[in-house]
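Thank you all for making time this morning. I would like to walk you through one structure, slowly, for anyone who has not looked at it before.

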Amino acid sequence: MAQITLKNLAHSYFPNPQSDKDYALKEMDHVWQDGGAYALLGSSGCGKTTLLNIISGLLRPSHGRVLFGDRDVTDAPTAERNIAQVFQFPVVYDTMSVRDNLAFPLRNRGMDAAYIKARVDQIAQMIGMEAWLSRKAQGLTADAKQKISLGRGMVREDVNAILFDEPLTVIDPHMKWELRTQLKQLHRQFGHTMIYVTHDQTEALTFADKVVVMYDGRVVQMGTPEELFETPAHTFVGYFIGSPGMNFLTADVQGNRATLPGGDVVGLGASYAPQSGRVQIGIRPEHATLVASGGLPFVIRRVEDVGRHRLLRGEVLGNALNVVIPEGMPVDGLPQVAFAPAKINVYADDWRVAPAQERAA
Amino acid sequence: MEKTQNNKAWFLVLPVLVIVAFSAVIPLMTVVNYAFNDTFGNNEFFWAGLEWFDEMVHSERLHEALGRQALFSAIILAIEVPLGIFVALNMPKKGFWSSVVLVLMALPLLIPFNVVGTIWQIFGRTDIGLLGHTLAAIGIDYNYTNDPLDAWITVVVMDVWHWTSLVALLCYAGLQSIPQAYYQAAKIDQASRWAVFRYIELPKMKGVLLIAVLLRFMDSFMIYTEPFVVTGGGPGNSTTFLSIDLVKMAVGQFDLGPAAAFSLMYFLVILLVSWVFYTVMTNLDRAQTSMGEGN
């Protein structure tokens, strides 16, 4: 096990990258703590799999270094890195039995037969496949095959990290939940570093201690689920995390006041230095509420009942705005919307601006 | 629910039946007719019963041709299948060179059989052929016209040249269907090159390999044109395979009765071997899968 350090890492699939656009991964510096459970979250094509393949050694980065502990493994092949990886689609060796499938990585490393048997039995129990051990892997359902893939990923105890590349895509929703919980449990039990790639925020937030949000080849934020929710570092994080995502309004920020283009003023929970560029305020739908007066005029376009709460889709001063209100709260007679000042974040050119006090501290 | 019985659908099959009758059944029946009768021309036939079959079954000449034929097919399969797999494994998977290689590989398959025969007939000649002359020049005693072993080598090499591409292309298609993730997983599992072949590539190629073996068996067992052009069945009878022998008998000696009986048995042997082979292979597969399910 080891801490994984990415040093000035960048990758381009072109031989001579000219501009930023040619890079699948833009330069980044990150440290992944030993034993952490990380989720790599982002929309399709943002570079998640590229980053994962660089860590596992299936891809050599065009720039920068990868370190496991103190050892530079940039040029080391996958086998030397001692990493396990589970892929999006199940990879099983069809002609082997389930037992042989699970034992395969151990046998290839010349482990002792008694140990292999014990370990395979243990893993089979974890993934709930004990009854299938002597069966051939061919003809099993996608669920079962992916469980075998997961099992094969976890069968080695000494791995530096286990990487998951959207492993639950092919699994039924109810199984998804179960397997995710099992993974989390395994993480607690064995303390392997786990990196889990997904574009599903629920999956990321439930699995990981730390979520790494990627956007356009960049890591835009690395934080706990709470941090991502309360203080998104980038408008993309605000938009991507939460359902629906954060609302953004263009504003002119002076001290602790944000002035909207129409002259309406929104109070902020902290004061900010004057900003240049495109300045926006961001507020989560959960932190907005309907009021009778003292807010901004709100026109409701649509109401969606989602069980525990209601989602209002509407417009404020010509901007789309979503508000989440508790079930049972009346809508009539409350024509305005107000924001919780402390929950408002300020963005300049899409990046979050820290309040003046926070920066001073 | 009561199922409606309606046999009108059979009429829709009629055109096919008619075509097959004229293209296959009626010509075959002519052969059957000759096999059970003796004729001296003028369309006069005398019933011969199983006489021709009896003669053919006990014919030493046919036994020898059958032996040569079986040996030839065995050698062809033993060389072309492993070689085809090996070539397919080493073909470039994508990019410019994969197209070039594909075209080069397909070329021998596009050459008419008698042209292939002619190419090798000339290629192997010691006076003007590049191969024959070169071998002679470096002191190897090679002459396919009077040495049976040389004749065999020439015919086998020619067939390998002509048909290995087919096996390779089929295997290549099988290999291309393997997702990249399998190779990546194998790397992570630290599988050896042999294990990758044994557990990933070979199982994925099994279906096409079955077809390849079947096609190569049938074709090689019926081979006629190429060896006939190169050696004419000689020297002596050493490269006289079943088809060549059959033509000699039917067209050369005009022994139509024995030749017809021979044809029928020949046809049945190919049909039988192909059927047995196919059934065994597919059942083996099914047995393995269901054996797994039993547990």
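Predicted model: local features only at pLDDT ≥ 70, side-chain atom pairs only at ≥ 80, totals over all residues.

Is Gln180(B) buried or exposed? Gln180(B) counts as exposed, because it has 10 C-beta neighbours inside 10 Å, and the cut-off for exposed is 12 or fewer. To give you some sense of distance within the chain, Gln180(B) and Thr30(B) are 150 residues apart in sequence, and from C-alpha to C-alpha they are 55 Å apart in space.

Turning now to how chain B is divided, we have domain 1, made of 24-53 together with 242-281, and domain 2, which covers 62-240. The C-alpha centres of these two domains of chain B lie 30 Å apart, and the contact between them involves 10 residues of domain 1 and 16 residues of domain 2. On the domain 1 side, the elements of chain B that give two or more residues are α11, at 242-252, and α12, with α12(B) providing the largest share, 6 residues. By class, that side of domain 1 has 7 nonpolar, 2 polar and 1 charged residues.

Next, the annotations, which I report as the record gives them. For chain B, an unreviewed UniProt entry places the feature "transmembrane region" at several spans, among them 70-89 and 151-175. In the model, residues 70-89 of chain B are 100% helix and 0% strand, with end C-alpha atoms 29 Å apart, while residues 151-175 of chain B are also 100% helix and 0% strand, with end C-alpha atoms 35 Å apart.

For chain A, the UniProt feature is "domain: ABC transporter", placed at residues 4-241, again from an unreviewed entry. Over that stretch chain A is 37% helix and 25% strand, and the end C-alpha atoms are 26 Å apart.

Technical notes: Residues numbered from 1 in each chain as written. Chains lettered and ligands numbered in written order. Buried ≥ 20, exposed ≤ 12 C-beta atoms within 10 Å, placed from the backbone. UniProt positions renumbered as here; feature names shortened; annotations may be inferred. Helix = DSSP H or I, 4+ residues; strand = E, 2+ residues; numbered from the N terminus. Domains from an automatic or database assignment. Contact = placed C-beta atoms within 7 Å. Nonpolar A, V, L, I, M, F, W, Y, C, P; charged D, E, K, R; others polar.
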